[in-house]
Each structure stands twice: as structure tokens, then as C-alpha cells.
Amino acid sequence: PIRLPVLREFSKQSASFKFVVNEQTDLEEIEGLLGEIGEVDRSSVFVMPQGTGASELASKGAWLAESCSKTGFNYTHRLHVALWGNKRGT
């Protein structure tokens with residue numbers, strides 16, 4: 001379960017929030033959650049594409065990066081997956 005009081009307290013202490021995004025509806029869910037938390041500085045929100053291979057990350061990363069320019073979220077990449085694949089310990 002999502003513990004909103006805990007997330008609200010984190011947001012007061014300049015915490016960063018990081019989400020993995022698989023599809024556009026995930027961004028809508030993130031927006032809803034942030035609305036429930038309250039005042040969250042969008043520069044402290046990081047999103048990365050879900051993917052287990054370089055081509056999947058590139059495909060999802062393209063539209064996600066574009067969405068970030070509209071939402072004010074930070075785009076981050078799963079560089080370790082792009083470079084070495086979906087392996088433990090990388």
C-alpha cells in the first residue's frame with residue numbers, strides 16, 4: 001500500500017521521487033499520486049523507461065523524454081541495461 005503521510009513527510013525534506021514508466025497511463029498515475037501527496041517540486045521527480053533491452057529502452061525513452069519536457073519531470077535512463085543487458089550486478 002502507498003503510505004501518503006510518509007511520502008508527504010519525504011517531500012517536505014527535499015526527497016527525490018523516482019518512477020519506472022511503461023506506458024503513457026503510468027504518467028497519469030504519477031500525476032495523480034503527486035496530487036495526493038501535495039506540493040512536490042517537479043524538479044525532484046525522476047522517471048525512467050521500463051525495459052530489459054536497448055531497443056525497448058530506446059523506443060519507450062523517446063516518447064518519455066518528450067513527455068518530460070511537457071510535465072517538468074526529469075528523464076533518467078537505465079544505462080546499465082543499455083550497455084550490459086538485463087543482468088544482475090550491473
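Buried means under 20% relative accessible area, exposed means over 50% and partly exposed lies in between, with a 1.4 Å probe and protein chains only. The model is predicted, so local features need pLDDT of at least 70 and side-chain atom pairs count only at pLDDT 80 or more, whereas totals for chains, interfaces and linings use all residues. Residues are numbered from 1 along each chain as its sequence is written, and side-chain values use heavy atoms, with hydrogens and water left out.

**View 1. Ser-55 and its place in helix 3.** Ser-55 lies in helix 3, where helices (H or I, at least four residues) and strands (E, at least two) are DSSP runs numbered from the N terminus. With a relative accessible area of 61%, Ser-55 is exposed. Ser-55 and Ala-82 are 27 residues apart along the chain, and their C-alpha atoms are separated by 8.2 Å.

View 2. Three strands form an open sheet in the order 1-2-3, with parallel pairing; two strands pair if DSSP finds at least two bridges between them. Strand 1 and strand 3 are the edge strands, each pairing on one side only. Strand 1 (residues 17-21) pairs with strand 2 in the parallel sense over five bridges, and in this pairing Val-21 stands opposite Pro-49 of strand 2. Strand 2 also pairs with strand 3 (residues 74-75) in the parallel sense, over two bridges, with Val-47 opposite Tyr-75 and Asn-74 as the bridge partner of Phe-46 in strand 3. Four of the five residues of strand 2 (residues 45-49) are buried, so this strand is largely enclosed by the rest of the structure.

View 3. Strand 1, helix 2 (residues 24-37) and strand 2 make a right-handed β-α-β unit. From strand 2 the chain crosses through helix 3 (residues 54-71) to strand 3, and this β-α-β crossover is right-handed. A crossover is called right-handed if, with the strands pointing away from the viewer, the path from the first strand over the helix to the second runs clockwise.

View 4. Pro-5 is found in helix 1 (residues 4-12) and counts as exposed, at 60% relative accessibility. Pro-5 and Phe-46 are 41 residues apart in sequence, and their C-alpha atoms are 20 Å apart in space. Ser-11 also lies in helix 1, but Ser-11 is buried, with a relative accessible area of 19%. When residues up to four places away in sequence are not counted, Ser-11 touches Phe-17, Ile-37, Glu-39 and Val-40, contact meaning heavy atoms within 4.5 Å. Ser-14 is found in the loop between helix 1 and strand 1 and is exposed, with a relative accessible area of 68%. Most residues other than glycine have a negative phi. Phi of Ser-14, however, is positive, near 60°.

**View 5. A nonpolar patch on the surface.** Leu-79, Leu-83 and Trp-84 form a nonpolar surface patch, with about 350 Å² of accessible area together. Leu-79 is found in helix 4 (residues 79-84). Patches are made of residues with over 30% relative accessible area and no salt bridge, like charges being joined within 9 Å and nonpolar side chains (Val, Leu, Ile, Met, Phe, Trp, Tyr) within 5 Å. A salt bridge is a side-chain nitrogen of Lys or Arg within 4 Å of a carboxyl oxygen of Asp or Glu. Accessible areas come from the Shrake-Rupley method with a 1.4 Å probe, and for residues only the protein chains shown count as cover.
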